[in-house]
Amino acid sequence: MVVLIPAHNEEDRIGAAIEGLYAQTWRPDLVVVVADNCTDATEETARGRGAEVFRTAGNTHKKAGALNQAIAWVLPHLADHDLVLVQDADTVLEPDFVETATGTFNRKVGAVGGVFYGEQGGGLLGLLQRMEFHRYAWEIERNGGKASVLTGTGTMFRARVLREIRAARRAGRIGGGDSYYSLASLTEDDEITKAVKTLGYRTMSPAECAVTTEVMTTLPKLWHQRMRWQRGALENLRDYGWTRVTARYFLQQFMMGFGALSFAVYLAFMALTLTTYGWPGLSPFWTAIGLIFLAEKVVSVRRAGPRAVVVAVLMVPEMLYDLFQHAVYFVSLWGLFRRSEEKWVAT
């Protein structure tokens, strides 16, 4: 098992990521930090923690380009059944991650992704992101551990599957260039999920494959991150088109847009009603519906702690957070229609 950690100026975080790998119940055979155009002490810190360092050469394609170089370097030394774990430098894996992921593989499972949780800090904005991540983890668990996206925070592949992805790209069966990760996608993890599924494999995210990752501490950083995620997801669907694999992703995007529009119409209607007629009173039926909605909100974040439960009960902070997410969705959709260029910039 080989671990690849792409890193660009991560001297403050790379040590914790490496230590998390050495704390695994099933330790990897080789940990490689993929140093991509680093100008700080990332390489020295990685070597000091016992990791190998692979330095990229002339890479201008960010994380995907760095990983393609590192995979091309290591893959010839691996058998088809060997494993490659790709992990972000700002992420720490829980001790059972590797052992659980390894035990999840079978002939039908091509890759196993992590279930990510947010690190502490970031004030109310950080808490709202942690609540969002807990809800996502809750949904994955309810869905039997099936992964919608192989998260870049931590995903394990069979070496054979990576070889098949490159062969399929070169044969024109899937787009994105002629290597392992797509160079044409803003969200390479979302794209490679669709690539793995297009080849006929399942993707899984067992609850025990937990990771802790960075949260955005300011609204501009969060906006940039979510714009990249959302725009990348939309562009990947545009590039793949309607297929057996992408049908459910198209439906998810449609429901996301429908939900955002419905929420906006509801808020506008309530504002008009209050300004025109005043408080309309409480309807037993809609009050019951609201309580069910609130209960679901609370139950889905109970594992995030008492502060998360309190914020869920208050509702208003999450409503504002939802409006932020809806704005990201519509701005991304508008940019896609206008074909404006959305650039990936490290934050």
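Start by selecting R169, which counts as buried at 4% relative accessibility; buried here means under 20% relative accessible area, exposed over 50%, and partly exposed in between (1.4 Å probe, protein chains only). You are looking at a predicted model, in which local features need pLDDT of at least 70, side-chain atom pairs count only at pLDDT 80 or more, and totals for chains, interfaces and linings use all residues. Residues are numbered from 1 along each chain as its sequence is written, and side-chain values use heavy atoms, leaving out hydrogens and water.

**Stop 1: R169 and its partner**

The side chains of R169 and E191 form a salt bridge at 2.8 Å, N to O (a side-chain nitrogen of Lys or Arg within 4 Å of a carboxyl oxygen of Asp or Glu). This pair links distant parts of the chain, with R169 in helix α6 and E191 in helix α7, 22 residues apart. Helices (H or I, at least four residues) and strands (E, at least two) are DSSP runs, numbered from the N terminus. E191 is also buried, with a relative accessible area of 3%.

**Stop 2: helix α7**

Now show α7, residues 188–198. Nine of its 11 residues are buried, so α7 is largely enclosed by the rest of the structure. Among those buried are E188, D190, K194 and K197. Just after α7, look for G200, which takes a positive phi of about 100°.

**Stop 3: the largest nonpolar core**

Select L4, L75, F157 and Y181: of the 33 residues in the largest nonpolar core, these touch the most other members. Such a core is a set of buried Ala, Val, Leu, Ile, Met, Phe, Trp, Tyr and Cys residues joined through side-chain atoms within 4.5 Å. The largest share, six residues, comes from α3. Leaving aside residues up to four places away in sequence, L75 touches V84, A159, L162, R163 and Y180; contact means heavy atoms within 4.5 Å. A second, separate core has 31 residues, including C38, F97, V109 and M204.

Back in helix α3, pick A70. A70 is buried, with a relative accessible area of 0%, and touches L4, V34 and F54, again not counting residues up to four places away in sequence.

**Stop 4: another buried pair**

Which side chain meets D88 in a salt bridge? Select K63: the two meet at 2.6 Å, N to O. D88 sits in the loop between β4 and β5, and K63 in helix α3, 25 residues apart. D88 counts as buried at 17% relative accessibility, and K63 at 16%.

**Stop 5: along helix α5**

Select Q129 in helix α5, residues 123–142. Q129 is buried, with a relative accessible area of 0%. Its side chain reaches the backbone oxygen of M216 at 2.6 Å, and a polar atom of that side chain lies 3.1 Å from the backbone oxygen of L125.

Then move to E139 and R142, both in α5 and three residues apart, about one turn of the helix. Their salt bridge has its closest N and O atoms 3.3 Å apart. E139 is partly exposed at 40% relative accessible area, whereas R142 is exposed at 55%.

**Last stop: the surface**

Finish with L251, F254, M255 and F258, which make a nonpolar surface patch of about 450 Å². Patches are made of residues with over 30% relative accessible area and no salt bridge, where like charges are joined within 9 Å and nonpolar side chains (Val, Leu, Ile, Met, Phe, Trp, Tyr) within 5 Å; areas come from the Shrake-Rupley method with a 1.4 Å probe, and for residues only the protein chains shown count as cover. F258 lies in helix α9, residues 247–277, and is partly exposed, with a relative accessible area of 49%.

Definitions and conventions. A polar contact is a pair of N or O atoms within 3.5 Å; within protein, one must be able to donate a hydrogen and the other to accept it, and residues adjacent in sequence count only if both atoms are side-chain atoms.
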